[in-house]
Amino acid sequence: SFDAAWGNEDTEELIKILGKYNIKATFFVVGTWVDKYPESVKQLSDAGHQIQNHSNSHPYMSQISKAQMENELIACNDKIEKITGKRPTLFRPPYGDYDNTVVETVNEVKMYPIQWDVDSLDWKDNASPESICHRVTSKVKNGSIVLFHNDADHTPAALPNILKCLKDEGYE
């Protein structure tokens with residue numbers, strides 16, 4: 001899975017890499033990112049990737065009111081649906097920040113909260129393609145959800161080796 005909140009320089013390259021390995025991913029996008037890059041949302045959707053909700057403006061969800069949470073979820077869903085024709089059903093809280101109220105609110109708008117169990121840490125300044133690859137491939141287990149970012153400096157360089165390694169180990 002990929003979070004898309006800020007930049008967009010690598011999205012097309014990620015689509016190509018995932019396509020080469022015949023992998024479909026879930027992209028959790030922020031509504032303001034959708035506003036800036038609607039063509040990328042369409043490209044991702046047309047390539048068969050899931051486009052899901054990462055909030056409208058990337059707040060710490062546990063620090064805003066329930067009404068604000070609902071607005072964040074609905075506004076982002078509306079933007080995604082307008083481009084893809086599909087209404088998101090999954091929500092990944094920004095920063096992984098959630099509490100019981102966040103989970104309840106997400107469920108009340110007929111969505112499911114999704115986290116991850118393997119963080120690639122691809123966003124860190126000291127992340128190299130090799131460190132990202134080692135971190136992911138050493139921690140993945142059956143059923144894992146891996147967190148990447150669409151605009152991290154070394155993700156496109158790390159991704160082919162990660163996908164090859166995981167496919168060679170029998171992951172689908």
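Which element gives the largest share of the lining of the largest pocket? Helix 7 does, with 5 residues.

## Basis of the model

This is a predicted model, in which local features need pLDDT of at least 70, side-chain atom pairs count only at pLDDT 80 or more, and totals for chains, interfaces and linings use all residues. Residues are numbered from 1 along each chain as its sequence is written, and side-chain values use heavy atoms, with hydrogens and water left out.

Helices (H or I, at least four residues) and strands (E, at least two) are DSSP runs, numbered from the N terminus.

## The largest pocket

The largest pocket has a volume of about 630 Å³. It is lined by 27 residues, and the closest to its centre are Ile 23, Ser 144, Val 146, Leu 166 and Glu 172. A pocket is an open set of points on a 1 Å grid over the protein atoms alone, where a 1.4 Å probe fits, with protein on both sides within 12 Å along at least five of seven lines; lining residues have an atom within 4 Å of a point. Grid points are joined across faces, edges and corners, and the volume is the space filled by probe spheres set on the points.

Strand 2 (26-29), strand 7 (146-149) and helix 7 (155-168) each supply at least two lining residues. By class, the lining has 16 nonpolar, 6 polar and 5 charged residues. Nonpolar means Ala, Val, Leu, Ile, Met, Phe, Trp, Tyr, Cys and Pro, charged means Asp, Glu, Lys and Arg, and the others, Gly among them, are polar.

## The second largest pocket

The second largest pocket has a volume of about 260 Å³. Of its 16 lining residues, Asp 3, His 54, His 58, Tyr 95 and His 149 are the closest to its centre. Strand 1 (2-4) and strand 7 are the elements that give two or more residues to this lining. The lining divides into 8 nonpolar, 5 polar and 3 charged residues.

## Helix 1 and helix 3

The axes of helix 1 (residues 11-20) and helix 3 (residues 38-46) come within 10 Å and cross at roughly 5°. Axes are lines fitted to C-alpha atoms, for helices over the stretch in contact, and angles run from 0 to 180 degrees between N-to-C directions. The two helices are therefore roughly parallel to each other (angles under 35 degrees).

Thr 11, Glu 12 and Ile 15 of helix 1 make the contact (heavy atoms within 4.5 Å) with Ser 40, Gln 43 and Leu 44 of helix 3.

Definitions and conventions: Angles under 35 degrees count as roughly parallel, over 145 as roughly antiparallel, 65 to 115 as roughly perpendicular and the rest as oblique.
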